[in-house]
Amino acid sequence: MALNTLRIQQFRNIVEASLEFRSGINLIYGENGSGKTSLLEAIYYLAHGRSFRSSKPEKLIRYEQPAFLLNAKVEMAGQLLNLGLQREREGELRMRLNGEDLNRVSELAQLLPVQLITPESFRLLLGGPKERRQFFDMGLFHVEHSFYSLWSKLQRVLKHRNALLKTQKRYNDEYAYWDQNLASLAFELQALRQRYILALDAAVQPLLVDAPWASGLTLQLYSGWPDRIETPEQLQQLLQQNFLQDLRLGHCQFGPQKADLKLKVAGQTVEEVLSRGQLKVLLFALKVAQSNVIYNYGHKKPVLLIDDLASELDDNSKRHIFSFLNTINSQVFISAINTDQVLPAIPDVNPALFHVEHGQITIRTE
Ligand SMILES: Nc1ncnc2c1ncn2[C@@H]1O[C@H](COP(=O)(O)OP(=O)(O)OP(=O)(O)O)[C@@H](O)[C@H]1O
Ligand SMILES: [Mg+2]
C-alpha cells in the first residue's frame with residue numbers, strides 16, 4: 001500500500017498542491033508555520049476521516065473557503081484506487097472510492113493503515129491506558145477480520161448497560177442479560193488481543209537488541225479484570241458483585257474497555273526509568289513493530305507519518321530510529337525544519353524532498 005499521488009485543495013494554509021510521492025521516504029521540510037504538519041494531517045485525514053489535531057472539521061478548511069478537497073491515488077495489492085474526500089463547512093464528510101460513495105469511515109480506515117508519530121505521541125507511554133488500548137486495537141483492526149464487529153458489539157453492550165445505570169438502581173434480569181453478553185465478548189476480545197501482543201512483542205525485540213537500556217523489555221497485556229477470573233461466568237459474577245460501585249461511578253469498572261498494555265524494562269515501568277530520548281526510541285520501535293505486524297499478518301503496508309522527527313533526539317538516537325525504518329518497506333513521510341536534521345542520519349537513502357513555504361509545496365531535486 002502506498003500513496004502515489006495526492007491533490008490538496010483549501011486545506012489549512014494549503015491553497016492547492018498536486019504531489020507525487022515516493023514509495024520509500026518522503027522528507028517534508030520548511031520553517032515553522034509553513035504547512036508541514038498540515039500536509040501530514042491531510043494524509044491522516046484521508047485514512048481516518050478525521051484529524052489528529054482538531055475534532056472540529058471546519059478548522060481544517062482554509063479561512064473563508066467553503067470546503068476542502070482531497071484526492072489521492074492509492075496503490076493497494078497491485079491495484080490503483082482513486083480516493084476522494086470533501087468536507088464542507090456545513091454538512092457531512094463525503095467520501096468516494098473509484099467513483100462510488102463510501103458510507104462509513106471504517107471502510108476508509110480499512111484501505112489505508114496509517115501510523116502517526118508526533119511529539120505528542122509520548123502519551124502512548126506516559127498517558128493513561130486509553131492511548132495504549134487505541135494503539136494495539138488499531139493494529140488488531142488491520143490484522144483480525146473479526147475484530148471490528150466484536151468491538152462494535154462491545155460498544156453497544158456498554159452503551160446499554162451504562163444507560164441502564166442511570167434509570168435502574170437495582171440489579172435485575174436486564175443487567176444479567178447485558179453482563180452475560182459483556183463477559184462473553186470480553187473473553188473473545190481478550191483472546192485476540194493476547195495473540196496480537198505476542199506478535200507485537202516478537203516484532204519489537206529485534207529492533208532494540210543494540211539498546212542496552214531496553215534489555216529485559218516486556219509487554220504485558222492487562223485484560224481489564226483480575227487474573228483470578230478465568231471464565232466468562234466468573235466475570236459475569238464479578239460484574240454483578242461490583243454492581244453498586246458501577247452504580248455510584250456511572251459506568252462499568254471491569255471489562256475489555258479497561259484493558260492496558262504494561263511496558264517494563266527489568267521489571268520496572270518504562271516511564272519511571274527511561275530518559276525522554278530513550279522513551280522516544282522505544283515509541284518509534286513500537287510503532288515500527290506494529291507496522292511490521294500489520295504487514296506480516298494483515299498483508300497491508302502501513303504508511304508512517306512522522307511529524308517533527310528531530311525534536312529531542314541526539315544523532316545516535318536518530319541513527320537508531322532510521323535503522324528501524326530500513327527494516328520496513330513502508331512508505332514514510334517525515335517532517336523537519338531543514339534537511340540537515342535528517343539527511344546525515346540516512347546516508348544510504350535518497351528520499352524525495354518537498355519544500356514547504358507559506359502553504360506552497362515544491363519538490364526539490366538537490
Ligand atoms: N483553517 C486554516 N486556514 C488557513 N491557515 C490556517 C488554518 N489553520 C491553520 N492555519 C495556518 O497554517 C499554517 C501552517 O501550520 P502547520 O502547523 O502546518 O505548520 P508547520 O509547518 O507544521 O509548523 P511547525 O514547524 O511550527 O510545526 C500556520 O501558519 C497556521 O496558522
Ligand atoms: Mg508542525
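These questions and answers walk through a predicted model.

Trainee: How far apart do the C-alpha centres of domain 1 and domain 2 lie?

Mentor: Start with the division. Domain 1 covers 1–113 + 300–366, and domain 2 covers 125–297. The distance between their C-alpha centres is 29 Å.

Trainee: Which helix gives the most to the side of domain 1 that touches domain 2?

Mentor: The contact draws 16 residues from domain 1 and 14 residues from domain 2. On the domain 1 side, seven residues are nonpolar, five polar and four charged. The top contributor there, with five residues, is helix α11 (residues 315–327).

Trainee: Which helix supplies the largest share of the shell around ligand 1?

Mentor: There are 14 residues around ligand 1, and Asn13, Asn32, Lys36, Thr37 and Ser38 come nearest. By class, the shell holds two nonpolar, eight polar and four charged residues. The largest share is three residues, and it comes from helix α1 (residues 36–48).

Trainee: Are α4 and α6 roughly parallel or roughly perpendicular?

Mentor: Look at the axes of helix α4 (residues 129–143) and helix α6 (residues 173–204). They come within 10 Å and cross at roughly 100°. Angles of 65 to 115 degrees count as roughly perpendicular. Therefore α4 is, relative to α6, roughly perpendicular.

Trainee: Which residues of α6 make the contact with α4?

Mentor: Sorted by class, the contact has seven nonpolar residues, one polar and one charged. From α4 come Phe136, Gly139, Leu140 and Val143. From α6 come Leu192, Arg193, Tyr196, Ile197 and Leu200.

Trainee: Which strands stand at the edges of the open sheet of six strands?

Mentor: Read the order: β8-β12-β13-β3-β14-β15, with mixed pairing. On average, neighbouring strands are turned by 20° against each other, direction ignored. An edge strand has a single partner, so one of its sides is left without a neighbour in the sheet. The edge strands are β8 (114–117) and β15 (360–364).

Trainee: In β15, what is the bridge partner of Val356?

Mentor: Strand β14 (residues 352–357) and β15 run antiparallel, joined by five bridges. Val356 has its bridge partner in β15, and that partner is Ile361.

Trainee: What angle does the direction of α1 make with that of β13?

Mentor: Helix α1 also gives three residues to the shell around ligand 1. It packs on the sheet, touching β3 (25–30), β8, β12 (303–306), β13 (331–336), β14 and β15. Its direction and that of β13 make an angle of about 150°.

Technical notes
Residues numbered from 1 in each chain as written. Chains lettered and ligands numbered in written order. Predicted model: local features only at pLDDT ≥ 70, side-chain atom pairs only at ≥ 80, totals over all residues. Domains from an automatic or database assignment. Contact = placed C-beta atoms within 7 Å. Helix = DSSP H or I, 4+ residues; strand = E, 2+ residues; numbered from the N terminus. Nonpolar A, V, L, I, M, F, W, Y, C, P; charged D, E, K, R; others polar. Near = placed C-beta within 6 Å. Axes fitted to C-alpha atoms, helices over the stretch in contact; angles between N-to-C directions. Parallel < 35°, antiparallel > 145°, perpendicular 65-115°, else oblique. Pairing = 2+ DSSP bridges.
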